[in-house]
Each structure stands twice: as C-alpha cells, then as structure tokens.
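Visitor: I have a protein open on the screen and would like to talk it through with someone. Could you take a look with me?

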Amino acid sequence: MTAAPLRPGPAAPDAAARIRDRILDAATACMLEEGLTGRVHAQIAERAGVSRPTVYKYVGDQDAIVAAIFDREFDKFVDAVLPVLRTSDDLRAHLVDGVVFIVDYARGHELLQKALADHPELVLPALTTGAGPLIERATGIFEAQLARALDLAGATGISAREAVEWLFRIIVALIIAPGTAGGSSEDTRRSVRALAQLVALSGERV
C-alpha cells in the first residue's frame, strides 16, 4: 500500500521518513494517554524530541495526525494479516482462521479499543455507515485472493467484491458487538463456524 506523501522535509527521503515515524510514534503514545481529540502538538513535539513547527511540517494539524496514524496502523494490520490469508486458497480450511485472526488483532489493538471506548461517535461511523472507503481499501488488497478461493470452491453466486464487503461487516460486528461470541478466540471461532454452516445450508436449499 502506498504511504501518505511526506510533507516538505530534508532532501534525503530516508531521513524524512525516520523523522515522520518518530513523530507518529510519539503521537500514538500521546493519543493513548489523551484520546483522539486532545490538542497534543506540544506533547508530541516534546516526546519526539522535535519542535512544534517540525510536527506541522512533517505531518500537519490534528486531523492530519489522526489520519496519518490510521494509515500507518492499517498498513501494519495488512502486513500482519496477509500471511494468514495467503496461507492457502482453500476457503474451507483458512477462512475461519483469517476471520478469527483479524478479530483478535482488532480486540488487542490498544489505540483502536481506546478510541472505541472514548470516542465511539468518531470511530463507529467509519466502521459502519461510512465504511465505504475502508471497504474499498480492503477490496483492493484481498479481492484477487478471494476471487481465486471462490473459483476453487465453485462458488458462483457471489463476487469477490461482495465477499469482501460481507466479511468486513461480519468482522466489524464481532469487534464492536461480540454478543454471544464472547471475547475469546475460541468463542469467535465457534460463532464464525456456525455462521459458515448456516450459510452453507442456506446455499444448498436455494
């Protein structure tokens, strides 16, 4: 995935990237302490060992900082999940494992959980009613993999794009409202397997 373009900085791109990463590390730590809406440029600068103008120069204002952290955390998520999902094109063998991994990853993500707890009004729309951009990003990453898997499984009634959207919404529901799925990996695994069996039964009857 292409990272957000760097704001003006040193001529050497590697040096600029290192400074920007240090600022984002500091910003993440500050937001874990103060929340997403805290005005923390001064704290970020102090923690990163740079000036406040440098924070603006390399990342931007509060909204730009939040967006940059989101992009970086999404990239980390993709790097973590792709090896799991690309283990095999066998949907039956690995789809449940993939969903459980993603749900566990999100439930253990400290900043996401703090944001959900402290600022649900900011986070929930991005995961539900306003999830279009996230679904598009997920589609761009996983569509080809799911297309191969669906083809091998002989599933002709759903496109890979539709599969990505359904999986996205199921995963979000398990993250933000686990219900009877509980909070453990095994609880999630049982729920996803039950759903998969229900879908299979429904498909046989159609």
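Predicted model: local features only at pLDDT ≥ 70, side-chain atom pairs only at ≥ 80, totals over all residues.

Visitor: Fine. How many helices and strands are there in the protein?

Guide: The protein has 10 helices and zero strands, so that, read from the N terminus, the order of elements is α-α-α-α-α-α-α-α-α-α.

Visitor: And what share of the residues counts as buried?

Guide: Of the 206 residues, 37% count as buried, and the accessible surface of the protein comes to about 11700 Å², with 58% of that surface belonging to carbon and sulfur atoms. As for contacts between residues at least 6 apart in sequence, 65% of them join residues at least 24 apart.

Visitor: Switching to charges, how many salt bridges does the structure hold?

Guide: There are 11 salt bridges in the structure, and one of them pairs Asp25 with Arg72, where the closest N and O atoms are 2.8 Å apart. That pair links distant parts of the chain, since Asp25 belongs to helix α1 (residues 13-34) and Arg72 to helix α4 (residues 62-85), 47 residues apart.

Visitor: Is Arg72 buried or exposed there?

Guide: Arg72 counts as buried, because its relative accessibility is 15% and the cut-off for buried is under 20%.

Visitor: OK, and what else does Arg72 touch?

Guide: Leaving aside residues up to four places away in sequence, Arg72 touches Asp21, Leu24, Asp25 and Thr28. Asp21, Asp25 and Arg72 are also linked in a network of salt bridges.

Visitor: Which other residue meets Lys76 in a salt bridge?

Guide: The side chain of Glu73 does, at 3.4 Å from N to O, and the two residues are three apart in helix α4, which means they are separated by about one helical turn. Glu73 counts as buried at 16% relative accessibility, whereas Lys76 counts as partly exposed at 39%.

Visitor: What about Arg190 and Asp187, how are they placed along their helix?

Guide: Arg190 and Asp187 are three residues apart in helix α10 (residues 185-205), and so are separated by about one helical turn. Their side chains meet in a salt bridge at 2.4 Å, N to O, and Asp187 is partly exposed, with a relative accessible area of 22%.

Visitor: New topic: how many aromatic pairs turn up in the whole structure?

Guide: A search of the whole structure finds four. Phe70 is partly exposed, at a relative accessible area of 40%, while Phe74 is buried, at 10%.

Visitor: And is the pair of Phe74 and Phe77 stacked or tilted?

Guide: That pair is tilted, because the planes of the Phe74 and Phe77 rings stand at 55 degrees, with the centres 5.8 Å apart. Phe77 counts as buried at 14% relative accessibility, and Phe70, Phe74, Phe77, Phe101 and Tyr105 form one aromatic cluster.

Visitor: Which residue has its charged end over the ring of Phe74?

Guide: Arg137 does, with its charged end 4.3 Å from the centre of the ring of Phe74.

Visitor: Last one: where does UniProt place the "DNA-binding region"?

Guide: An unreviewed UniProt entry places that feature at residues 40-59. In the model this span is 75% helix and 0% strand, and its end C-alpha atoms lie 13 Å apart.

Notes
Residues numbered from 1 in each chain as written. Heavy atoms only, no water. Helix = DSSP H or I, 4+ residues; strand = E, 2+ residues; numbered from the N terminus. Buried < 20%, exposed > 50% of the residue type's maximum accessible area, 1.4 Å probe, protein only. Contact = heavy atoms within 4.5 Å. Areas by Shrake-Rupley, 256 points an atom, 1.4 Å probe, with all protein chains shown as cover. Salt bridge = Lys/Arg side-chain N within 4 Å of Asp/Glu carboxyl O. UniProt positions renumbered as here; feature names shortened; annotations may be inferred. Phe/Tyr/Trp six-rings, centres within 6.5 Å; stacked < 30°, edge-to-face > 60°. Lys NZ or Arg CZ within 6 Å of the ring centre and 35° of its normal.
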